[in-house]
Amino acid sequence: AVVTRAQWLKEAEAAEASGAPLTSAAIVKCTVGRGVDEEDRQRTWADDANASLSRNAVSTARAILAHSLSSFPTKRSLWLQAVDLERNHGTPSSLDEVLAAASERLPRTEIFWLVRAKEKWLAGEVDTSRNILTEAFKANPDSEPVWLAAVKLEWETGEIERARVLLSRARERAPTARIFMKSALLERECKHPDEAVDLLEQGLQKYPTFSKMYMMGGQICSEDLPKNKDSLDKARKFYQRGLQKCPNNVVLWCLASQLEENVADYGVGSASAGVTKARSLLELARLKNQKNPELWVEAIRLERRAGNDKLAISLMARALQEIPLSGLLLAENITTSPRVEQKSKSAAAIKKCPDDPRVITAVASLFAAERKNDKARKWFERAVVLDPDMGDSWAKLYAFELDAGTKDAQEKVKKRCISAEPTHGELWCKIVKAMSNRGKT
């Protein structure tokens, strides 16, 4: 009987399992192409590698991918699959070899240069990382990601002057909005607010609709300069210009409203006048951006901070009428309701949004407050599985484990969070982006 291709691959996996990876690779090389149509080879081999990997046959999967790459040396998806295999199942040196080969074959694909440089930097090999990025520049002289990676390397290793020079060159070679923003951020971190504002103005001349530059300008004027009428007016101007160019940017509306709420801190007007101005700004924001839960929540919180609880309750009722399925509003409603109502509000929210991580986290927090630790843990876990990118859920799970868990459980959550690399979440972004936390891990 003729031995089929599938049987040969099974034999390759068996050879690997018995401790003969070279035999396995030889079988793959001779048989993996048998009976596969020319146009199906790449897809079939990628599937074969995944199938072997799912059965823990790493060497066989590696051999299949090596064979695929010898036939399709410029296929980005195959190289990414090979990188993924080495990252999860290989050694640092095998990962570096694959990344180096991928960069050589696809020099214009930045991701391989960047990942390789990052891996070397994390391993403490700063000079090697710098050399890799120098090579990346040769192949991609106008690439924003390569410029920013080189800047980050110098910035994070304390070589601020080098980072500044690189950013200056980048503004000539690849003057993107992000390059201008990072340039301003570097000056802000170095406590040079005037230079930072100047760079933002240069950037806004080229990119007048890039909202983040208006945000940063307003924050520099309101937080980094002495609190007086002059700095208040400068911050106001940034936000006003931003809202003219970006009327749908919710964060800009919220920042402008918070600035007005705190005018008394700048020695201008009373706290109640500030709240009134902030309220009218948020009403205008909701007119221009209908059915936006973030703007409703900001308005509700403004009233709570001002001690207008009845108005906050009535705003919440209106908000839930307008957007009944908003997880953000439902979670806010759970956490701010009187204790006797929280259970019924939770049940109603779960019915409406059973898979919203914010609702799930709010419910978990209630269980934690009642010391129902097993239930709390289960619900927190559910939240981080539903959306691993939501940093708030991770933070609350970790805080819960610090309070009620073992050292081992705390470490596990910490490691999982680091590996998930969350980037979203209201609290998460606020804390991660705070200037006082720059450079922390």
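Student: Before we start, what does "buried" mean here?

Tutor: Buried means under 20% relative accessible area. Keep in mind that this is a predicted model.

Student: Which residues of helix 4 are buried?

Tutor: In helix 4, the buried residues are Val58, Thr60, Ala61, Ala63, Ile64, Leu65, His67, Ser68 and Leu69. Their cover includes helix 1 (5-17), helix 2 (21-31), helix 3 (41-54) and helix 5 (76-89).

Student: How do you know what span to expect for helix 4?

Tutor: Helix 4 covers residues 58-71, which is 14 residues, and 1.5 Å a residue gives an expected 20 Å. From first C-alpha to last, helix 4 reaches 20 Å, close to that expectation.

Student: Why is Ser346 called buried?

Tutor: Ser346 has 7% relative accessibility, and the cut-off for buried is under 20%, so Ser346 counts as buried. Ser346 sits in helix 20 (residues 339-352). Leaving aside residues up to four places away in sequence, Ser346 touches Ile334, Val363 and Leu366.

Student: And what makes Asp265 partly exposed?

Tutor: The relative accessibility of Asp265 is 48%. You will find Asp265 in the loop between helix 15 and helix 16 (271-288). Asp265 and Lys229 are 36 residues apart in sequence, with 9.7 Å from C-alpha to C-alpha in space.

Student: Why are helix 13 and helix 15 called roughly parallel?

Tutor: The axes of helix 13 (residues 211-224) and helix 15 (residues 250-261) cross at roughly 15° and come within 10 Å. Angles under 35 degrees count as roughly parallel, so helix 13 and helix 15 get that name. Their crossing is left-handed.

Student: Which residues make that contact?

Tutor: Helix 13 brings Ser211, Tyr214, Met215, Gln219 and Ser222, while helix 15 brings Val251, Leu252, Leu255 and Leu259. Sorted by class, the contact of helix 13 with helix 15 has six nonpolar, three polar and no charged residues.

Student: What makes helix 23 and helix 24 roughly antiparallel?

Tutor: Helix 23 (residues 391-404) and helix 24 (residues 407-420) pack at about 165°, with axes 9 Å apart. Angles over 145 degrees count as roughly antiparallel, so the term applies to helix 23 and helix 24. This crossing of helix 23 and helix 24 is left-handed.

Student: Which residues of helix 23 and helix 24 meet?

Tutor: Trp394, Leu397, Tyr398, Glu401 and Leu402 of helix 23 meet Ala409, Gln410, Val413, Lys414, Arg416, Cys417 and Ala420 of helix 24. By class, that contact has eight nonpolar, one polar and three charged residues.

How values were computed:
Residues are numbered from 1 along each chain as its sequence is written. This is a predicted model: local features need pLDDT of at least 70, side-chain atom pairs count only at pLDDT 80 or more; totals for chains, interfaces and linings use all residues. Side-chain values use heavy atoms; hydrogens and water are left out. Axes are lines fitted to C-alpha atoms, for helices over the stretch in contact, and angles run from 0 to 180 degrees between N-to-C directions. Helices (H or I, at least four residues) and strands (E, at least two) are DSSP runs, numbered from the N terminus. Angles under 35 degrees count as roughly parallel, over 145 as roughly antiparallel, 65 to 115 as roughly perpendicular and the rest as oblique. A crossing is left-handed if the near helix is turned anticlockwise from the far one by less than a right angle, and right-handed if clockwise. Contact means heavy atoms within 4.5 Å. Ala, Val, Leu, Ile, Met, Phe, Trp, Tyr, Cys and Pro count as nonpolar, Asp, Glu, Lys and Arg as charged, and the others, Gly among them, as polar. The expected span of a helix is 1.5 Å times one less than its number of residues. Buried means under 20% relative accessible area, exposed over 50%, partly exposed in between (1.4 Å probe, protein chains only).
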